[in-house]
Amino acid sequence: MRGRLTLLVAAVGVLVMIAFLVPLAVLVRTVAADRATTRAAADVQRLVPLVGTADPETIRSTVDQLGTDTGRDVSVFLADGTVLGAPAARTPPVELAARGESLTVESAAGREVVIAVQGRPEGTGVIRTVVPRGELTAGVTRAWLVLALLGALLVLVGLVVADRLAGTLVRPISALSAVSHRLANAELDARVEPAGPPELREVAGALNHLAGRIQVLLREEREQVADLSHRLRTPLTALRLEAETLRDPDDAARLTAAVDGLERAVTGVIRQARWRSTASAGGSCDAAVVVGERVTFWSVLAEDTGRALTVDLAPGPVPVRIGGDELAAAVDALLGNVFAHTPDGTPFEVRLAARADEVTLTVTDAGPGLPPGSLRRGASGAGSTGLGLDIAERAARAGGGRLELSAGPDGGARLALTLGVVAPR
């Protein structure tokens with residue numbers, strides 16, 4: 001935009017300079033030629049009294065002296081055919097002046113000035129001089145150069161002013177763009193300083209208002225999520241008391257452990273909803289430890305439902321660029337997907353592979369597979385909320401990786417969660 005505005009001003013400035021300087025240059029040349037002609041005519045006018053009354057020798061000496069002083073050829077044609085001064089042929093203008101008419105005409109040598117002189121006994125005499133081309137254009141080139149430099153200077157000044165003016169427009173727009181990108185990156189505390197024309201100031205105010213409104217809405221949403229999550233503590237407490245009343249110690253311990261895990265998940269939801277900043281939470285954890293804990297938790301349910309579980313975890317530590325709570329939620333989403341979309345007795349495999357720059361968690365089952373579009377938020381073919389895989393995908397993006405859905409070797413679903421590795425210090 002800045003370049004286009006400058007180019008526009010440059011084009012307009014050049015056109016204005018051309019429209020102004022070209023006629024002025026023509027006028028300068030015309031004035032210079034007329035001035036030289038007037039000066040030459042004034043010089044030969046001094047010979048008129050002498051040519052009308054003096055003898056030929058006196059006229060000759062005076063004409064020769066005038067030619068020497070002015071540097072121009074001056075000739076006097078008498079009626080008897082005598083030519084005094086610079087030798088010259090009787091040109092058509094001379095013949096016309098011999099009839100009593102003075103005139104100025106253009107010729108190949110320059111501008112020819114002829115003056116008719118009355119009063120001689122033998123008839124009308126004619127004084128002739130030629131103004132050469134060099135004298136007609138004397139000083140014109142220098143004047144044109146000065147005009148060209150003046151025009152270039154004016155265009156340059158116009159470009160500088162246009163660049164400054166464009167800068168006052170572009171800088172506020174660039175600031176608006178930068179703040180928009182920061183808001184898109186979840187930096188909701190970003191604000192733009194209103195500057196520039198009133199229209200841009202109004203846009204800046206609207207953008208700041210929008211950012212503030214988004215902050216308010218997100219804060220209210222987090223409070224609602226936290227309140228709803230907090231309400232789950234009461235039934236969880238009741239469920240824990242019921243578990244403690246079971247007579248079988250193993251069942252009571254297993255159920256109590258499940259309630260503890262659920263309570264930890266609810267606590268994590270509350271913590272993230274209330275205290276997580278608008279920016280990315282970041283963090284890191286040992287993927288081998290987190291995945292091992294979640295697989296151990298789900299292995300109990302796998303045993304109850306008759307599912308054969310194969311586990312192959314890379315030895316730790318395996319540091320990844322995501323917090324432990326986020327990774328645990330993603331693992332629960334992947335494993336919960338197996339139990340939600342496959343019948344009881346379906347075997348599945350959990351594999352954690354570590355490489356130099358990334359870690360891949362693969363969950364493969366022998367079930368019917370996932371329908372297309374399962375990674376879309378809210379999409380579900382089994383009556384669930386459809387948010388599990390979306391949670392896993394967002395965790396993958398937060399950890400600098402990706403989530404891939406494909407078919408397993410037995411025709412079931414294969415979910416691969418790839419995360420970036422924390423660089424060693």
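Which residues of E10 are buried on one side, and which on the other?

1. This note concerns a predicted model, in which local features need pLDDT of at least 70 and side-chain atom pairs count only at pLDDT 80 or more, while totals for chains, interfaces and linings use all residues. Residues are numbered from 1 along each chain as its sequence is written, and side-chain values use heavy atoms, with hydrogens and water left out.

2. Both faces of strand E10 are covered, with Glu358, Thr360, Thr362 and Thr364 buried on one side and Val359, Leu361, Val363 and Asp365 buried on the other. Here buried means under 20% relative accessible area, exposed means over 50%, and partly exposed lies in between, using a 1.4 Å probe and protein chains only. Strands (E, at least two residues) and helices (H or I, at least four) are DSSP runs numbered from the N terminus. Because 8 of the 8 residues of E10 are buried, this strand is largely enclosed by the rest of the structure. As background, side chains in a regular strand alternate between the two faces of the sheet.

3. Asp365 belongs to E10, which covers residues 358-365, and this residue deserves a separate look. Asp365 is buried yet has no salt bridge, and the nearest side chain of opposite charge, that of Arg307, is 7.6 Å away. The side chain of Asp365 does, however, reach the backbone nitrogen of Gly367 at 2.8 Å. Leaving aside neighbours within four places in sequence, Asp365 is in contact (heavy atoms within 4.5 Å) with Val338, Thr342, Pro347, Phe348, Gly412 and Ala413.

4. The pairing around E10 can be followed strand by strand, two strands being paired if DSSP finds at least two bridges between them. Strand E9 (residues 348-354) is joined to E10 by 7 bridges and runs antiparallel to it, and E9 and E10 form a hairpin with 3 residues between them. E10 is likewise joined by 7 bridges to strand E12 (residues 413-420), again antiparallel. Thr364 of E10 stands opposite Glu349 and has Arg414 as its bridge partner in E12. Arg414 in turn stands opposite Ser406, and E11 and E12 run antiparallel, joined by 6 bridges.

5. These strands belong to an open sheet of 5 strands in the order E7-E9-E10-E12-E11, with mixed pairing. Strand E7 (309-313) and strand E11 (402-407) stand at the edges with a single partner strand each, so one side of each is left without a neighbour in the sheet. Neighbouring strands of this sheet are turned by 10° against each other on average, direction ignored; axes are lines fitted to C-alpha atoms, for helices over the stretch in contact, and angles run from 0 to 180 degrees between N-to-C directions.

6. Another open sheet has 5 strands in the order E2-E1-E5-E4-E3, with antiparallel pairing. Its edge strands, E2 (83-85) and E3 (103-106), each pair on one side only. Helix H1 (residues 2-45) lies across E1, E3, E4 and E5, running at about 30° to E4, whereas helix H3 (residues 56-70) lies across E1 and E2, running at about 45° to E2.

Terms used: Lys and Arg count as positive and Asp and Glu as negative; His and the chain ends are not counted. A salt bridge is a side-chain nitrogen of Lys or Arg within 4 Å of a carboxyl oxygen of Asp or Glu. A polar contact is a pair of N or O atoms within 3.5 Å; within protein, one must be able to donate a hydrogen and the other to accept it, and residues adjacent in sequence count only if both atoms are side-chain atoms.
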